[in-house]
Amino acid sequence: MINRLAIIGVGLIGGSLALALKGKGAVNEVVGYSRSEDARQQALDLGIIDKAADSLAEAVSGADLVFVAVPMGAMNSVFEGIADYLSPEAIITDGGSAKAQVVAAAKQCLGEKFKQFVPGHPIAGTEKSGPSAAFPTLYEKHRIVLTPVSETDSAATAKVKAMWQLTGADVFEMNVEHHDTVLAATSHLPHVLAFNLVGMLAERNDCDEVLRYAAGGFRDFSRIASSDAVMWRDICLGNQDAILSLLEQYHQGIKQIEEAIRNQDGDYLIDVFSRAKKARDSRFADPNLIDNSEV
Ligand SMILES: NC(=O)c1ccc[n+]([C@@H]2O[C@H](COP(=O)([O-])OP(=O)(O)OC[C@H]3O[C@@H](n4cnc5c(N)ncnc54)[C@H](O)[C@@H]3O)[C@@H](O)[C@H]2O)c1
Ligand SMILES: O=C(O)C(=O)CC1(C(=O)O)C=CC(O)C=C1
């Protein structure tokens, strides 16, 4: 049971956690803070938070659990702004999409309290953002990854794990580097590709004509290009090495496909496409598999 939950960044991720925990009766009071006054008011109006704080200090005062869900580039300033106002026993966790940069910021800013910081990442989301995008079932049957480091207090990790389990999520632990490598492949790279493709088409003079004939394939591939630009800028800059290494591999693969098309090398294309189909079909074949709802 959480007595006072502070949500810093009451958007899709922070708002959905608040709604899920409220729905389970797991929290007495939710206090929210977002930099934008509009977001704070919306979160209040939508019943996501019980109280809107006017400052980071006010938001975390007396909170036993603090969830930081701002774009990754804003994490450092949030940690700096809350460090001196946290209760001694407060547990701090976050929802940032890449972990090394967030852990470094928390270590630098939280001092003694760093041991009560449990880095986390809900592998769930949508292309929408802001308080109005939040919904209580977002985390149900989704994975949450916690990346505690050597300094992290195990009791704090257990409490954060229990909190996420209440939302209906499955909680996993992995190390920071592994998390950032894996998520670069399945989340960060696909977003970069989608932004690039849709951005490229948007530049064309005949963009309207081209998009008029877009159907399911384009809609599926391009949905994530509707995601928030600030959030994705911060993820790309914050997980630079893993994303650059994948982009290099991707360039090589595309060059080989380009060569095969130029040379009418159908065997090569069959080989690449059928290996990809097999990998995807087997990954998502089990109807009970977590995350299949999104396929
Ligand atoms: N959107 C997704 O699918 C998704 C999934 C998993 C994790 N995440 C991560 O969760 C975090 C939040 O993403 P979101 O989708 O909820 O974003 P969002 O835009 O919906 O919400 C972010 C909120 O943070 C506030 N904010 C921005 N800068 C701030 C600052 N300096 N101080 C205080 N508040 C500030 C904004 O006003 C907004 O209310 C990001 O770190 C993102 O990488 C997102
Ligand atoms: O479903 C989506 O729209 C998402 O982008 C969610 C998604 C992803 O799957 O890549 C995006 C960012 C995250 O940090 C976690 C999940």
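This is a predicted model: local features need pLDDT of at least 70, side-chain atom pairs count only at pLDDT 80 or more; totals for chains, interfaces and linings use all residues.
Local features were taken only at pLDDT of at least 70 and side-chain atom pairs only at pLDDT 80 or more, whereas totals for chains, interfaces and linings use all residues. Residues are numbered from 1 along each chain as its sequence is written, and chains are lettered from A and ligands numbered from 1 in the order in which they are written.

The chain contains 12 helices and nine strands, defined as DSSP runs (H or I, at least four residues, for helices; E, at least two, for strands) numbered from the N terminus. Its radius of gyration, taken over C-alpha atoms, is 21 Å, close to the 19 Å that the globule rule (2.2 Å times the number of residues to the power 0.38) gives for 295 residues, so the chain is as compact as a globular protein of that length. Along the principal axes, the C-alpha atoms fill a box of roughly 65 × 40 × 35 Å. Of the 295 residues, 38% are buried, that is, have 20 or more other C-beta atoms within 10 Å of their own, with C-beta atoms placed from the backbone.

Six strands form an open sheet in the order E3-E2-E1-E4-E5-E6, with parallel pairing; pairing requires at least two DSSP bridges between two strands. Strands E3 (51–52) and E6 (117–118) are at the edges with a single partner strand each, so one side of each has no neighbour in the sheet. Strands E1 (residues 2–8) and E4 (residues 65–68) run parallel and are joined by four bridges, and Ala6 has Val66 of E4 as its bridge partner. Helix H1 lies across E1, E2 (27–33) and E4, at about 160° to E1 (angle between N-to-C directions, from 0 to 180 degrees, of axes fitted to C-alpha atoms, for helices over the stretch in contact).

Beyond four places in sequence, Val66 is in contact (C-beta atoms within 7 Å) with Ala6, Ile8, Val60, Ile82, Leu86, Ala90 and Ile92.

In helix H10 (residues 229–238), the buried residues are Met231, Trp232, Asp234, Ile235, Cys236 and Gly238. Their cover includes helices H5 (100–110), H7 (176–203) and H11 (240–262).

Note on methods: A residue is buried if 20 or more other C-beta atoms lie within 10 Å of its own, exposed if 12 or fewer, and partly exposed in between; C-beta atoms are placed from the backbone. Two residues are in contact if their C-beta atoms, placed from the backbone, lie within 7 Å.
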